[in-house]
Amino acid sequence: MEQSIWIAILASGIIAGTPILLAALGEMLTELSGVLNLGVEGMMLVGAVTGFMVALDTGQPWWGLVAAIVAGGLMALIHAFLTITLRANQVVSGLALTIFGTGLSGYIGKSLIGLPLPVTFKPVFLPGLSNIPILGPILFQHDLLVYISYCLVALLWFFLFRMKKGLELRSVGENPSAADLAGINVFVMRYIFVIAGGMLAGMAGAYLSLAYAPSWLENMTAGRGWIAVALVIFATWHPGKAFLGSFLFGTIDVLGFHMQNFGILIPSFFLKMLPYIITIAVLILVTRETKTRRVAAPEALGIPYNREER
Amino acid sequence: MSAIPMVEMVKVTKRFPGVVANDNVSLTIDAGQIHGLLGENGAGKSTLMSILTGLYRPDEGDIYIKGKKVDMLSPKDAVTQGIGMVHQHFKLVKSFTVAENVILGMKDMGVLYDKTKIQAQVERFCTQYGMCIDPAAKVWQLTVGEQQRVEIIKALFRGAEILILDEPTAVLTPQEAKDLYKTLRLMAGQGKAIIVISHKLSEVLEGTDMISVLRGGKPAGSTKTELASEQELTRWMVGRNVTTHMDRAANEPGEVVLELDKVSCLNNRGQLAVQQASIRIRAGEILGIAGVAGNGQTELAEVVAGLRSIESGTKHVGGVDHTFSGSRDMIRAGVSYVPEDRLGTGLVPGLNAVDNYILKSYAQKGWLINWQQAREETQDVISSYDIKMANLFNPVKMMSGGNLQKLLLAREINADPRLLVVVYPMRGLDVGAMAAVRKLLLAEREAGKAILLISEELDELFALSDCIAVLHRGEIMGVVHPRTVTVEEVGMMMAGKRMLEQHAV
Amino acid sequence: MLYNLLSGWRLEKRGTVSQVMMVVVPLLSIVVGLAFAGIFIALTDKNPIDVYLLMLEGAFGSAYGLSETVVKAVPLILCSLAVALAFRMQLWNIGAEGQLYMGAFGATWVALSFPEWPAVLVLPAMAAAGFIAGGIWGLLPAIPRAYFKVNETITTLLMNYIGILWVDYLVYGPWKDPKGLGFPITAPFSEAAILPAFGVTRIHLGLAFALAAVLVLYIVLKYTRWGFEIRVSGESAAAANYAGMNYIKNILLVMFISGGLAGIAGMTEVSGITQRLQHGISPGYGYSAIIIAWLARLHPVAIVLVSVVFGGLLVGGFSIQTSGFPAATVAMLQGAILFFVVGGEIFMQYRLKWVGKGRSA
């Protein structure tokens, strides 16, 4: 009896962690190219509302997903243009993106609040995998988007640490001047990976509105975009660790609801505070750690690249 | 020696807003030749080489490689032409391995990177040129000399036939510099063309075959090295005869101003940067610290200035124990500090000259700042020290290196300190500015101040110091008198050989 | 062809920072930002010009509208000063919203605990409590930032969520007004605890707090030693340490005061406007403050002007809500304006030059 509750909690943890994971993977790519994009929350919301809107119109959640990815990418394009071409302050530009995205999504979504979505992403059973005791229900009884997120983790790891292009990406974030001289086009790389980050953020938002909830509510991301940004830091820009971190967060998020089963009665507001408090705590612990060890942020993160100023 | 020169730059001109960086410059480099490119800071050497490496396009003039005219639109074209460059500030990704740095950006290496191929190639360079390095080592773990080797390997890996080195010996000990030139000679022997950009006359006179001098963007003279003289080269570089000899009055040193007793401290990564260092400086005395950059000099200066805590040992200024004093107390104790990082630490780039002038003195007079007075004081200083700036209220980052240094020194000297700590003061300055700085330091010495001078230029240390201490891996290898020791002996100490007998100080 | 058109431009560094641009860019960005957002409005089949005119009417077209604009400007000024102070030290305080809520909480605690106190006692006490509560909320993320360099952008932002949830907990729970018909509100404050208003408008004494804060901050930043230290510290931590300034102490102090100012904004809202603590006392003042501070280039006096404009934006936004526009519309407009300010900044240091086709490097 006890075990099945834990399995249920961990399984919900995977689902709850998926949007954070997707957004974090996106932001990771962006930051590895040397650009800080704090607009994740805004991009997720725009992705969520666009995905919902298109899914509702076309009756097909996959079209919604595609639309969300495009929308996220377009939002990121604004940030890319401001920070890469116009060399604007990356922190403020990202904040502008969040504020604008939050506003835009609320504006577009006004008429969509509370509407039900007839066709959503449903869990898909994988032959063999879904039936493994314990791990099966936790990892393999979810919808396709979750499986896609697993693939993305593996793909990104392989790309970053085994492929030449991944090496080039990392060099752009560490020492853009060296990369430039090695013949790598720093601007193009940064544009590509900032937009890719936006696309993943859009996908993360779509997951919320098309699979997790599924519905549209203003501000439905509730800070998940920010948790994703923090997650990139604790995962030390490593996809595998991002997966573990998002799983941890997802589990903490859902733990609240299940607390009642254990007879622990905590006012719901404090449970809602938990993810934010834990994020702050972990961020402090991990930042302390990374300062002493050699693993740290990409050296050129947040600094605009200007070929003449050397 | 082939008849057709390897590189020919003909009547090259490059203009930037407000300045002609290269004016009708022609340069010929033969295969198998080590060619020295000499000139002051701002003479146009870097610009010329940037054109050769495809970073800039010339406004006028042509470039011929092996007799064929080439039009280079980007650094990639230069690489295709067989031109490779080793920059003064290495373009390496510190967190990557040597192998990863070498193959970064190479086109025909496939989608995944093949470590064995690189291994084989690197080993070949080892036997061919005596440049050995572990391909799996992370760059941040290597010494500066080794990092430079990686840069050279990078260029060779891309098939460089023409190798350009920008101030290569700035970060090497005298012995390492000799080794480097040996390697370059081997490469030249294999038919490569080598260009060395330098401002060090002695090095260029020793190691090159041909020398070309630039001054103010224009060609100032070219000669075979065996026919060149120091006087002639200096005249070409500066345009007039310059006396490099400074008259140093014999001084009676006064009482001890600074005393460090077995001081140790850590660097930013928590490792021991300075170990058991003991030095003593008297009033009216200049103590020079010699050593290759990265051996604890910065940390030592920071310890004296109160910016770094002391792990063990004691520090006394004017007889008073200041072992645990921070920067504010040291300023009050009469210690002035001209840091290595002029623009960033010593001066705030985004603030104007007035703000920067009162950077330390603002704390002296109560709650409010008297801007009127501050402006007047700054104005006085600018005229008396002959500092050139467009506008008193412009951010100082717009000022040139020499003027920045003068402003910094003016502020530190005007604070009337007991002890002046100066780190790499001549870096990046032209001959005129260097002479001015030297004069200022000697004047302070005459006025009875104690000076701690940290520098990489042995000539400068020998000319200015009363004593020289050599720092290697944070330890003082020996304290010597410049009159009774040779450059070679100091060079050996810099490389780690301790002095067997102390010359009487 | 388009590529040739685009690639023929070069950014050329100016000799000095353009003073003209420093004023033109913010002004222009308001106009262009509204135009940009207008595109999205048009996409939903509404005429943006009509919308903007309606907003203008609502905000400045009547005495009521004008007074409401001033009412909104008060917390905006205070929060923007808070944000600007922190930004000057390169401390990215995104937590003004949460600090405002905590300030409101602090002030409410005093009001509810001492209902019998006279105004001359309870109002200053509320202001002090608001300042301290907001200050602590700003100080908490400052500590890991000062000592461990933990990114304060994320921590201050996450604290917003925590602060708002805390207030929700109180107004839905222990502090809920039993006579409040189940709404998330506390009992109303006593007369004494309410900031007096001017005439028939809702403009309250909080305006004086705001203007006083502007004056104090202006003098401090320009003429005091501490103001100088802040400017230096914001530009270069290394230089600040070098000059003997206590960088860590300054981080803590600045964040405490920054949070405190936002806390006072919270106090003025619950004391002057809502006259009780309730859910949603701020329509995002803390976030708008970021945009205002940036538009005003962190100058205290410019902040007053821009706050009035943004106050008008908010009032205008409310007035079109009856026509079916969600509150989020205003956020969208504000975000768009910020894009253009941020993007336009480069023109203060560089000018655009046409150099023709086919040039590289």
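Predicted model: local features only at pLDDT ≥ 70, side-chain atom pairs only at ≥ 80, totals over all residues.
Two strands pair if DSSP finds at least two bridges between them.

Start with strand β11 of chain B, residues 256–266. Its partner is strand β12 of chain B, residues 272–282. The two pair in the antiparallel sense over seven bridges. Five residues lie between β11(B) and β12(B), and the two strands form a hairpin. In the turn sits B:Gly270, with a positive phi of about 85°.

β11(B) has another partner to follow. Five bridges join β11(B) to strand β14 of chain B, residues 312–317. This pair also runs antiparallel. Here B:Leu260 of chain B stands opposite B:Lys315 in β14(B).

Now move to chain A and its helix α9, residues 186–212. At 1.5 Å a residue, the 27 residues of this helix should span 39 Å. The end C-alpha atoms of α9(A) are 37 Å apart, which agrees with that expectation. The helix does have a kink of about 25°, centred on A:Ala206. Where does α9(A) sit relative to the rest of the structure? Of its 27 residues, 22 are buried, so α9(A) is largely enclosed by the rest of the structure. Buried here means that 20 or more other C-beta atoms lie within 10 Å of a residue's own.

Next comes the contact between chain A and chain C. Chain A puts in 38 residues, and chain C puts in 36 residues. On the chain C side, the elements that give two or more residues are α6 (119–148), α7 (152–172), α12 (285–295) and α14 (328–344). Of these, α14(C) gives the most, with 12 residues. By class, this side of chain C has 26 nonpolar, seven polar and three charged residues.

Finally, step back to chain C as a whole. It has 15 helices and two strands. Is chain C extended or compact for its length? Its radius of gyration is 22 Å, close to the 21 Å that the globule rule gives for 361 residues, so chain C is as compact as a globular protein of that length. Along the principal axes, its C-alpha atoms fill a box of roughly 80 × 60 × 35 Å. Of the 361 residues of chain C, 53% count as buried. Among contacts in chain C with a separation of 6 or more, 79% come from residues 24 or more positions apart.

Definitions and conventions. Residues numbered from 1 in each chain as written. Chains lettered and ligands numbered in written order. Helix = DSSP H or I, 4+ residues; strand = E, 2+ residues; numbered from the N terminus. Expected span 1.5 Å × (residues − 1). Bend = angle between axes of the 7 residues up to and from the residue. Buried ≥ 20, exposed ≤ 12 C-beta atoms within 10 Å, placed from the backbone. Contact = placed C-beta atoms within 7 Å. Nonpolar A, V, L, I, M, F, W, Y, C, P; charged D, E, K, R; others polar. Rg over C-alpha atoms; globule rule 2.2 N^0.38 Å.
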